Amino acid sequence: MKYTKTIFVFLFLLINVIQSSEIDFEESNIKELTSKTLDQFTRNPKPTVVLYYRSGSKDNFKFLKLFSKVAENHDSGTVEFGVVDLDKEFSIKNTHKIDESPLVIYYTKGSLVSEFLAPKTKSNLEKFILKPLSPISPTRGPGSWREIESTVYHLGSRNYTSFLSNNANALVMFYSPNCGHCEKMKPAYAQAADIVSKSESGVFAALDCTNNKEICDKIDIKGFPTLYFFKDGKRDESTYRGDRSKQNLLDYFNQKSKPSIHIAKNKSNNK
């Protein structure tokens, strides 16, 4: 058993070496990052695009080659590219809350701006690098959301704060996968999200409170689903009280996303 394990580890490392040798990161204008260099790299004055991948995964490595081609052909003066091999840099999974791979994140001066959520094609990745905050294409989400193709963004502790600060108008559903009322609302919520996304007036998002208890406790989520509207990262004090229909969700969003009108007081009228 001991020798079998040793042979397995040796073969795993050998495969990684062979695969890595197929890509010349330096020629592709890509920096190989570690736990010691990642944060310094993302604080670069230029925007940075980082791919988190597993060298031991065939699917991950296939996307790594695509990422390398895009980086090599991109104007090197506008964006810096980096990669993190999660099979080597184990600690980054926890420190940066990377719970999936391959994952591409766009940073500006150390802050997460957006994650690449579209189907992993060369053209989609190129569009993301040029406009990281553009509306996403309909995609399937995690868990029970896999049954629904929509433009709903799925948030977690890694991207919750940055997502809200980078989107002026956002409606967020705080839910539990075991909640029947949540399941019944999801189809209408997804349909409303697509309409709002096409109008480019804002975004709809969802956050699983069972996996992000700290966030939900902080804003005192008592029941599911709870919907809050966020304006420029600030949470509206009232929660959504409407039914589970697409139209009511749209009416609520449209009402909350209207610009605030401030009427200046005329001092002469107050004399």
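## A walk from one residue pair to the whole chain

Start by selecting tyrosine 175 and aspartate 208: the aspartate sits in strand E10 and is the bridge partner of the tyrosine. This is a predicted model, so local features need pLDDT of at least 70 and side-chain atom pairs count only at pLDDT 80 or more, while totals for chains, interfaces and linings use all residues. Residues are numbered from 1 along each chain as its sequence is written, and side-chain values use heavy atoms, with hydrogens and water left out.

**Stop 1: the sheet.** Now widen the selection to strands E9 (residues 169–175) and E10 (residues 203–208), which run parallel and are joined by six bridges. Helices (H or I, at least four residues) and strands (E, at least two) are DSSP runs, numbered from the N terminus. Two strands pair if DSSP finds at least two bridges between them.

**Stop 2: helix H9.** Select 246–256. Buried here (under 20% relative accessible area; exposed is over 50%, partly exposed in between, with a 1.4 Å probe and protein chains only) are Leu249, Leu250, Tyr252, Phe253 and Lys256. Look down the axis of H9: these buried residues fall within an arc of 160°, so they line one face of the helix. That arc is taken over the directions from the helix axis to the C-beta atoms. Their cover includes E9, helix H7 (180–199), E10, strand E11 (226–231) and E12.

Stop 3: Show Leu249 with side chains on. What does it touch, leaving out residues up to four places away in sequence? Leucine 249 is in contact (heavy atoms within 4.5 Å) with Ala188, Tyr189, Ala192, Phe204, Leu227 and Tyr240. Leu249 is also one of the members that touch the most others in the 24-residue largest nonpolar core, along with Trp145, Leu171, Met173, Tyr189, Phe204 and Leu227. Such a core is a set of buried Ala, Val, Leu, Ile, Met, Phe, Trp, Tyr and Cys residues joined through side-chain atoms within 4.5 Å. E9, H7, E10, E11 and H9 each put in at least two residues, and H7 gives the largest share, eight. For a second, separate core of 23 residues, go to Leu51, Val70, Val79 and Phe81, which are among its members.

**Stop 4: loops.** Jump to the loop between helix H8 (213–218) and E11, where you'll find proline 225. Is aspartate 220 partly exposed or buried? Partly exposed, at 45% relative accessibility.

Next, aspartate 232, in the loop between E11 and E12: here phi is near 55°, again positive in a residue other than glycine. Aspartate 232 is exposed, at 53% relative accessible area.

One more cis bond joins serine 101 and proline 102, with omega about -5°. Proline 102 is in the loop between helix H4 (90–95) and strand E4 (103–108).

**Last stop: zoom out.** The protein chain has nine helices and 12 strands, and 44% of its 271 residues are buried.
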